[in-house]
Amino acid sequence: MGITDTLLRRGLITPEQVIEAQEAHNTTDERVDQALVRLGHLRERDLLEVLGEQLAMSVVEIAPADVDPELLKLVPSRIVHKYNLVPVDRNGKSVRVATSDPHNIYALDEVCTCINMPVEPVLATRTDINNIIKAHYGVGGEVLTEMAAERDDVQIIDEQAIESADLDAQMAQEASVVKLVNEILVEAIDQRASDIHFEPYENDFSVRYRVDGVLHHANVPPEIHRFRNAVISRIKILAGMNIAEKRLPQDGGIKIKAHSREIDLRVSVIPMAFGEGVVLRILDRSAVKLSLPDLGMEGDTHERFTDLISRPHGIILVTGPTGSGKTTTLYGSLSTIVSPELKILTIEDPIEYYLEGINQVQVHPKVGLNFARAMRSFLRHDPDVILVGEIRDLETAETAVNASLTGHLVFSTLHTNDAPSATTRLLDMGV
């Protein structure tokens, strides 16, 4: 019995879904069962269970820790990436190889030839296999393998001699570089990272993600350092920066769409000893939790804080080290009290999340719009609530305190490690 007939008989798909998958097959030559999975009509695990029964293969769940690293060394990475399969472990004199496509006999034959041992195929989902490939070969490993093969002939060129903006732009626009940068961005978003750090060293190019306030090395292959100029140029092009300028700091922004949602990236580039360092701040509005209980504020603390932010005037300062969630707490406060009866104005640098019903202003130092100047203008705009992204100087601090004393509720942040230090910080400023 054909695979689609079996799936229909078991009620896993409908005739209409088969017709849609058949149309995809006629257009792209994609197998009907694969089209059913891609279109979301069928779980890959269910498909593998049926294929396993028909082909007498076992279906396994595997994690990166289950794989024997010594076996991975026997199989060239190009085969792993090309056929999306991985050797898992030894079973007597044979090697178990996990694949999501049991019909590709040539792939299994090629693995058998490489390791010179009999191969026993087992079925695993593409997600499981991809997780193993990322864990052991790194993010973008396939792309780097291709790039290394393509670029071996030009590695002898001294990097210091490559100052041509045209060459950097040309390399940065190549499909392989574009794909590599995209994979790093998507991986960071999947890891819920708040920042991506690209750091050049003499013989290395480090990529790190900041997750929950802590930096972690991204698992990228070491070959990436050979293409750091192209990677950085690609990011600068996306951010609308001047790629020929390598001596001065630059700032820019990128708007991307990943997993069907729009995400903003704030980009900062600074010249370093061995190249340009890049930091991307990821602003994923759909991922932020703006409810105070979701942020971990519970019980008595939540009750007292809600009472404070509901008062008609005063100043509330949220303090803590970088990345501790000060701005997110303020956004949660505003989303709690926002209503048609209140006029809420914010001045931010940058605007991290757009909130409905709140008037938000972006700082523009180049034209003289800073926190202090915006605050002075805000007071003539008849606000009930004002949010100042950060109190950095005496003028901003004085304006904020005066506003809180004249019938406005003011929210802001201070760069101190704890709340009691806020008082001495303000006194030091001269308030």
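View 1. Gly 430, which comes just after α17, has a positive phi of about 115°. The model shown here and in the other views is predicted.

**View 2. The buried face of helix α17.** Helix α17 covers residues 421-429, and its buried residues are Ala 422, Leu 426 and Met 429. Looking along the axis of α17, these buried residues lie within an arc of 55°, so they line one face of the helix. An α-helix has 3.6 residues a turn, so residues three or four places apart point the same way. Cover for the buried residues of α17 comes from elements including β10 (314-319), α16 and β14 (409-414).

**View 3. The other side of helix α17.** Thr 423, Leu 427 and Asp 428 are exposed on this side of α17.

**View 4. The packing of helices α15 and α16.** Helix α15 is formed by residues 371-378 and helix α16 by residues 394-405. The two helices pack at an angle of about 25°, and their axes are 8 Å apart. Because angles under 35 degrees count as roughly parallel, α15 is described as roughly parallel to α16. The crossing of α15 past α16 is left-handed.

**View 5. The residues in contact between helices α15 and α16.** From α15, the residues that meet α16 are Phe 371, Ala 372, Met 375 and Arg 376. Their partners in α16 are Glu 395, Thr 396, Thr 399, Ala 400 and Ala 403. By type, the residues of this contact are five nonpolar, two polar and two charged.

Terms used. Residues numbered from 1 in each chain as written. Predicted model: local features only at pLDDT ≥ 70, side-chain atom pairs only at ≥ 80, totals over all residues. Heavy atoms only, no water. Axes fitted to C-alpha atoms, helices over the stretch in contact; angles between N-to-C directions. Helix = DSSP H or I, 4+ residues; strand = E, 2+ residues; numbered from the N terminus. Parallel < 35°, antiparallel > 145°, perpendicular 65-115°, else oblique. Left-handed = near helix turned anticlockwise from the far one by under 90°. Contact = heavy atoms within 4.5 Å. Nonpolar A, V, L, I, M, F, W, Y, C, P; charged D, E, K, R; others polar. Buried < 20%, exposed > 50% of the residue type's maximum accessible area, 1.4 Å probe, protein only. Arc of directions from axis to C-beta.
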